[in-house]
Amino acid sequence: MGDDPGMDGDRVPREFVEAGAPASLADWSDEQRDGYFRGEAGELIEGDAPIRLEVAPIGDWPTEDWPTRDW
Amino acid sequence: MSHSELFNAGATTWQVIERGAPAPAIWSTTANAVPVVDDWQNLSGAHGPAAITLRRWTRTWWPFPGDVTVDFTVVVRFEYGAQYHGGGLFIPNLYIEVPECSVGWRYDVDVDVTVGTPENANTPDAPIARLPLAIRGVVFNDFWSDSVDWSLTLWGDGSWMRGA
């Protein structure tokens with residue numbers, strides 16, 4: 001699940017370091033890891049409100065069983 | 001063969017988001033709910049597509065309080081109201097779009113869609129397609145993971161609801 005923090009990913013992006021984060025992920029405290037890696041999820045679901053159509057019966061179409069007209 | 005029974009002539013499952021980016025499969029994969037007849041491709045009068053937008057985000061507290069680290073949007077589009085020989089209401093086309101997908105440092109997202117078995121939600125002579133689908137996946141990083149689970153039901157008359 002994700003990259004091993006002990007490999008190339010142990011380095012922290014510059015903007016994080018400038019904001020006060022330790023430059024090595026291994027030096028982060030548990031609280032700091034929770035603050036970044038745990039997060040809080042949110043979601044939104046919305047959709048069109050289409051006109052609900054009325055259904056019609058499928059029309060009768062000539063089949064082989066239909067009687068033919070006797071001209 | 002029966003116009004009162006339905007089937008999905010397209011795909012039943014495909015990847016939507018793969019390692020934090022829209023999956024290539026969404027550009028070419030579709031599903032539908034059409035009658036079990038030889039000439040189902042001759043359905044006519046389709047409306048839409050209607051759109052259902054599903055958005056998910058993750059907000060972190062440190063080092064940038066309130067920063068949105070993950071933010072993605074999945075749009076389900078479906079045509080509806082298609083008729084067979086002037087009757088019934090079918091779903092001739094369903095597809096997925098991902099207009100937005102941004103993933104921060106060390107985060108990843110995987111999401112796929114599974115389309116359920118179409119059913120007739122009305123009478124045999126005037127069928128209305130009912131099509132369930134599930135969009136599921138995970139938002140994860142090195143230390144935490146959180147599931148994504150959206151279930152929808154679509155109907156051929158254009159209505160929809162969250163849940164099965």
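Predicted model: local features only at pLDDT ≥ 70, side-chain atom pairs only at ≥ 80, totals over all residues.
**Entry 1**

**Entry 2. Strand S2 of chain B**

Which strands does S2(B) join by bridges? I followed strand S2 (residues 13–18) of chain B and found four bridges to strand S9 (residues 108–115) of chain B, the two running antiparallel. Within this pairing, B:Thr13 has B:Thr114 as its bridge partner. S2(B) is also joined by two bridges to strand S3 (residues 21–22) of chain B, again antiparallel. There I saw B:Pro22 of S3(B) opposite B:Ile17. S2(B) and S3(B) form a hairpin with two residues between the strands, and in this hairpin B:Arg19 takes a positive phi near 50 degrees.

**Entry 3. Extent of the interface**

How many residues does each chain bring to the contact? I recorded 51 residues from chain B and 46 residues from chain A. The area buried between the two chains is about 4,200 Å², and carbon and sulfur atoms give 64% of that area. On the side of chain B, the residues that lose the most area to chain A are B:Trp62, B:Trp105 and B:Phe143; together they account for 20% of what that side buries.

**Entry 4. Polar features and the strands involved**

I looked next for charged pairs, and the rule finds two salt bridges across the interface of chain B and chain A. In a salt bridge between side chains, B:Asp157 meets A:Arg52 at 3.8 Å, N to O.

Several strands of chain B each supply at least two residues of the side that touches chain A, including S6 (67–80) and S12 (145–155). The largest share of that side, 13 residues, comes from S5(B). By residue class, the side of chain B that touches chain A divides into 24 nonpolar, 18 polar and nine charged residues.

**Entry 5. A pairing between the chains**

Strand S1 (residues 40–47) of chain A is joined to S5(B) by eight bridges, and the two run antiparallel. In this pairing, B:Thr58 of S5(B) stands opposite A:Ala41.

Terms used: Residues numbered from 1 in each chain as written. Chains lettered and ligands numbered in written order. Heavy atoms only, no water. Pairing = 2+ DSSP bridges. Contact = heavy atoms within 4.5 Å. Buried area = accessible area lost by both parts, 1.4 Å probe. Salt bridge = Lys/Arg side-chain N within 4 Å of Asp/Glu carboxyl O. Nonpolar A, V, L, I, M, F, W, Y, C, P; charged D, E, K, R; others polar.
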